[in-house]
Amino acid sequence: MYFLIFRYGPMYGVQIAFKDFNLFQGINGSEWIGFDAFREVFGMKEFYSSLRNTFLLNFLDLVVSFPAPIFLAIMLYEVKSVWFKKISQTLLYIPHFISWVIIGGIVYQLFGNQSGMVNGVLESMGLNPIPFLTEKNPWLITYLFTGVWQSAGWGTILYLAALTGVNRELFEAAEVDGATRLKKIRYITLPSIKPTIITLLILNLGKMVSIGFDRPYIIGNTAVREYSDVLSTFVYRIGLESGQYTLATVVGLFQAVVGLVFILGSNYISKKVTGDGIL
């Protein structure tokens with residue numbers, strides 16, 4: 001029922017991309033225009049800059065954020081103290097449940113140029129403030145590590161679940177053979193969660209063209225628009241702010257098709273290289 005109502009049902013509206021959509025005439029009453037809207041979107045300079053930023057931020061997120069839950073899960077798995085492990089897990093999971101609006105407020109309170117706590121400490125020490133939110137490279141680092149802080153703890157759940165299925169006798173046998181802790185992680189722990197890593201990697205590759213609206217919109221600003229303007233904010237501007245629903249639908253359809261190509265392609269490559277896939 002969920003997929004019928006929220007996934008397949010909305011596909012009826014995809015035809016807006018091929019019509020000169022009028023809000024008062026509705027989908028059926030609007031005039032067909034074929035691929036004219038696609039030509040208009042693909043001729044817009046802002047579309048290509050937002051597409052580039054989407055790929056860039058998603059790729060950097062993949063490089064920085066994707067390995068973080070793996071390392072966290074392995075470290076938590078190696079912790080012997082039960083109470084310390086439970087407290088650590090709780091503290092790591094909490095950021096996932098905080099709204100990006102609140103996280104954005106925290107980021108501005110900590111890293112703002114004028115009133116930010118971090119720059120206040122730097123200035124009190126006689127150091128120059130760092131433009132975390134107003135210059136491209138510092139903003140990019142702030143954006144990435146904010147994402148790691150928000151998502152890494154929650155991502156460890158899947159890996160910890162996979163690790164609970166590992167036979168403890170393997171570790172005991174390795175210990176008898178003189179294996180160090182690092183070798184046990186390399187030859188037992190990582191191979192045990194390899195299918196989970198591959199599955200999540202394929203799913204993340206399938207999302208390379210789609211990006212959440214909240215994070216780049218809230219943390220971004222006009223000073224760093226060259227990096228922060230992504231496809232989701234582009235759709236927001238042309239769709240809700242400008243009322244060009246046809247163009248917004250074109251971009252959404254483009255994201256869906258390219259995302260499908262990415263996920264099928266990454267799954268095919270994964271099967272050829274490792275023999276594992278999800279499809």
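Modeller: Start with helix 12, residues 194-205. Helices are DSSP runs (H or I, at least four residues), numbered from the N terminus.

Biologist: What makes the span of helix 12 agree with expectation?

Modeller: The expected span is 1.5 Å times one less than the number of residues. For the twelve residues of helix 12 that should give 16 Å, and the end C-alpha atoms are 16 Å apart, so the values agree.

Biologist: What are the ground rules?

Modeller: This is a predicted model, where local features need pLDDT of at least 70, side-chain atom pairs count only at pLDDT 80 or more, and totals for chains, interfaces and linings use all residues. Residues are numbered from 1 along each chain as its sequence is written, and side-chain values use heavy atoms, with hydrogens and water left out.

Biologist: Which residues of helix 12 are buried?

Modeller: Ile197, Ile198, Leu200 and Ile202 are buried. Buried means under 20% relative accessible area, exposed over 50%, partly exposed in between (1.4 Å probe, protein chains only).

Biologist: Why is Asp229 called buried?

Modeller: Its relative accessible area is 8%. The limit is under 20%, so Asp229 counts as buried. Its side chain also meets that of Arg237 in a salt bridge, 2.6 Å from N to O.

Biologist: What makes the pair of Asp61 and Arg215 a salt bridge?

Modeller: The term needs a side-chain nitrogen of Lys or Arg within 4 Å of a carboxyl oxygen of Asp or Glu. Here the closest N and O atoms are 2.8 Å apart, so the pair qualifies. Asp61 sits in helix 4 (residues 45-64) and Arg215 in helix 13 (residues 214-219), 154 residues apart. Both Asp61 and Arg215 are buried.

Biologist: How many salt bridges does the whole structure hold?

Modeller: The search finds six. One of them joins Lys136 and Glu226, at 2.4 Å from N to O. That pair links helix 9 (residues 136-163) to helix 14 (residues 225-228), 90 residues apart.

Biologist: Why are Lys136 and Glu226 called partly exposed?

Modeller: Lys136 is at 34% relative accessibility and Glu226 at 41%. Both values fall between the two limits, so both residues are partly exposed.

Biologist: How do you know that Phe6 is exposed?

Modeller: Phe6 lies in helix 1 (residues 2-8). Its relative accessibility is 54%. The cut-off is over 50%, so Phe6 counts as exposed.

Biologist: What does UniProt place at residues 51-266?

Modeller: The unreviewed entry gives "domain: ABC transmembrane type-1"; such annotations may be inferred rather than shown by experiment. Over those residues the chain is 75% helix.

How values were computed. Helices (H or I, at least four residues) and strands (E, at least two) are DSSP runs, numbered from the N terminus.
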